[in-house]
Amino acid sequence: MAEQSNHIPTETDLIKGCIDGNPEMQRMLYQRFSSKMYGVCLRYGENPEDASDVLQDGFIKVYKSLNKFRGEGSFEGWIRRIFINT
């Protein structure tokens, strides 16, 4: 029986995995940031349904734009800016 690793990927691991198209890394990135970003969406949206739509659209933009993240400043701040602009 194989043991599962308890390794928690770093932001760098997540970014590289998502750029490489790894669905598990995409899921982990979503899990790590979705609740905070949903809060951002609620502040800017008119209702929870709109906030959910913006959350989905924002993560699509994040995944498509990850190769543009230069590592300057915080990754969470970079993601937050995408959601605010969305």
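This is a predicted model: local features need pLDDT of at least 70, side-chain atom pairs count only at pLDDT 80 or more; totals for chains, interfaces and linings use all residues.

Helix 1 spans residues 11-19, and its buried residues are Leu 14, Ile 15, Gly 17 and Cys 18. These residues lie on the same side of helix 1, because they cover an arc of only 165° around the axis. An α-helix has 3.6 residues a turn, so residues three or four places apart point the same way. Thr 12 and Lys 16 are exposed and sit on the face of helix 1 turned away from its buried side. The cover over the buried residues of helix 1 includes helix 2 (23-44), helix 3 (48-65) and helix 4 (75-85). Just after helix 1, Gly 21 has a positive phi of about 85°.

The aromatic rings come next. With ring centres required to lie within 6.5 Å, there are seven aromatic pairs. One of them joins Phe 59 and Tyr 63: the ring centres are 6.0 Å apart and the planes stand at 40°, so this pair is tilted. Both residues belong to helix 3, where they are four residues apart, about one turn of the helix. Phe 59 is buried, with a relative accessible area of 2%, whereas Tyr 63 is partly exposed at 25% relative accessibility.

Phe 59 also pairs with Phe 83, edge-to-face, at 5.1 Å centre to centre and 70° between the planes. Phe 59 lies in helix 3 and Phe 83 in helix 4, so this pair ties together parts that are 24 residues apart in sequence. Phe 83, like Phe 59, is buried. Ring pairs link these residues into a cluster made up of Tyr 30, Phe 59, Tyr 63 and Phe 83.

Definitions and conventions
Residues are numbered from 1 along each chain as its sequence is written. Side-chain values use heavy atoms; hydrogens and water are left out. Buried means under 20% relative accessible area, exposed over 50%, partly exposed in between (1.4 Å probe, protein chains only). Helices (H or I, at least four residues) and strands (E, at least two) are DSSP runs, numbered from the N terminus. The arc is that of the directions from the helix axis to the C-beta atoms. Contact means heavy atoms within 4.5 Å. Rings of Phe, Tyr and Trp (its six-membered ring) pair if their centres lie within 6.5 Å; planes under 30 degrees apart count as stacked, over 60 as edge-to-face and the rest as tilted.
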